[in-house]
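Trainee: Can you walk me through reading some features of a model? I would like the general idea, then the case at hand.

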Amino acid sequence: MRSPAANADSRLSLWRWVREYAVPPSMIEAATARRHVGDWAGACAAARIDVDLDLRAMARRHGRELAARLRADLRHLAPDLLRWHLPRIAPDGLLRPGLTVSLARYGLAEHDDAEPVHLVARTPPAWADAGQRISLTLWAGSRDEGDRPHPHPRPDRRFRLDLHRHLWDVRRADELRSRSGAQQLPPDDAAAMRPDPPWDALRECGYAVHRWAAEAALLLHAEGRTSGAVVVRLGPRRRLVLDVARSGADLPSPVARIAGAPRAGRVAGLPVLPDAAAWTAPDLELLRHGLIEVDRLHPLVASALAPGHPVAGAPASPGPAAAPRLVACRGAWHRIGLVNGTLTPLDHDPAEIRREELLAALTGTPLPCLRAVGEAQRRPECLPDIRARLDHGDTAGALAAVEALLGPDALLPGGDLREELENAASRRITYGLFRAGLIGPGPAACSRDWRPKRDRRSHPRHAIAR
């Protein structure tokens, strides 16, 4: 069994990787620019969120009051911030697949017995996760579950953000500081969890136990209750039941105590504390452990967690070096660099390069400089970085890295780099078929590990389906 410290280190490593690749600075900048001019649909497009909303049809179906509330929420939606905070899975930090997350819940005043309407964000199943795209739509009960194909159309009780608007709504983004526990705890809040012995071990695992009482009280309030039992999920088969007492004259803040640790099947009817409340905010932990700089955070997150730190905009993205590289060739150090849009040996004349390419075609041994160029075209040192960008949907960043290394006019021979690009293109097609409802439950050939192999050469930009 892994120790709490090992579990915490693994979680921090995962989130550090997520912050490096999942939401690139270019996305934050583009989405923020569109949002500032009131173009919420353009902001969603910049954040790779597909909008499945017909506002006019929704107003006819659910009324103008609900439509006005929805439009206000959409105008203040920061889709890049939503992507920043959505649940992730190990080992690559990709979006949790097949998930429906409630962002807002709207009651229907004219129908008190009607099921509330939810604004939801959905992630595709793992076999159709190319581009790590998200869809935004409404869910209004079981009658809407067949509108678009999705394995889990109902809002998930464990992963919900309707009680955590600060994770997507710019009007409340500053609440992250208090809701994450970044502020110093007052004595009453610090003593809100009783009894004391289990809490230290849970804190070491990354649980926000100092916030559980207050967050559980918010959950119960949303359920129309002031006190009662709340379930905290600690693992696949581990549950903790908190008994929450409401605040009053004797209790200035809610108090929670452990009521038991039953098996998972015995707590089905109790409200579940959302993961966003159960765990300490990963950005706060990364900052406390010195694993990320404030400038690398999302600007809205940085302004909430480090209010005194100046944040001008999206964090800078380090670009690949364009300086020529050195290769040991025939007893000397030679250079290879970009010439006329392709990676080329700089210390050999064109006639010599043509002779060496002909020799290589006749199964001879080419110059070390040509071998270095070929290796960079087939399996460059930055391949893990390119692969991570492709996995997280940052096609533009991956192509920029390829072009900075090989040049915009390079032709890719068969190899690992070309296979990664072609595989990304193939998975984009699979996602399009999933969105259109033209594919079944997920063929094995469409899994993430499938690598199509071809012999023809291709331009790096043409290897990606736009």
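Trainee: Is Cys382 buried, exposed or partly exposed, and what is its relative accessible area?
Mentor: This is a predicted model. Buried means under 20% relative accessible area, and exposed means over 50%. Cys382 has 26%, so Cys382 is partly exposed.

Trainee: And Cys369, buried or exposed?
Mentor: Cys369 is buried, because its relative accessibility is 0%.

Trainee: How many disulfides does the structure hold?
Mentor: Check the sulfur distances. The pair must lie within 2.5 Å. The structure holds zero disulfides.

Trainee: Now strands. How do strands of a sheet pair?
Mentor: They pair through backbone hydrogen bonds, in either a parallel or an antiparallel sense. Take β4, residues 100–106, and β5, residues 117–122. They run antiparallel, joined by six bridges. Arg105 stands opposite His118 in β5.

Trainee: Is strand β4 mostly covered or mostly uncovered?
Mentor: Mostly covered. Of its seven residues, six are buried.

Trainee: What is the strand order in the open sheet of three strands?
Mentor: Read it as β11-β12-β13, with antiparallel pairing. The edges are β11 (325–329) and β13 (342–345). Each has a single partner strand, so one side of each lacks a neighbour in the sheet. From one strand to the next, the twist averages 35 degrees.

Trainee: How many bridges link β11 and β12?
Mentor: Five, in the antiparallel sense; β12 covers residues 332–339.

Trainee: Next, a helix residue. Where does Leu370 lie, and is Leu370 buried or exposed?
Mentor: Leu370 lies in helix α15, residues 368–378. Its relative accessibility is 14%, so Leu370 counts as buried. Leu370 and Ala360 are 10 residues apart in sequence, and their C-alpha atoms are 9.4 Å apart.

Trainee: Last, the surface. Which residues make the nonpolar patch?
Mentor: Look for Ile429, Leu433 and Leu438. Together they make a nonpolar surface patch of about 300 Å². Ile429 is found in helix α18, residues 416–436.

Trainee: Why does Ile429 count as exposed?
Mentor: Because its relative accessibility is 53%. The cut-off for exposed is over 50%.

How values were computed
Residues numbered from 1 in each chain as written. Predicted model: local features only at pLDDT ≥ 70, side-chain atom pairs only at ≥ 80, totals over all residues. Heavy atoms only, no water. Patch = residues over 30% accessible without salt bridge, like charges linked within 9 Å, V, L, I, M, F, W, Y side chains within 5 Å. Areas by Shrake-Rupley, 256 points an atom, 1.4 Å probe, with all protein chains shown as cover. Salt bridge = Lys/Arg side-chain N within 4 Å of Asp/Glu carboxyl O. Helix = DSSP H or I, 4+ residues; strand = E, 2+ residues; numbered from the N terminus. Buried < 20%, exposed > 50% of the residue type's maximum accessible area, 1.4 Å probe, protein only. Pairing = 2+ DSSP bridges. Axes fitted to C-alpha atoms, helices over the stretch in contact; angles between N-to-C directions.
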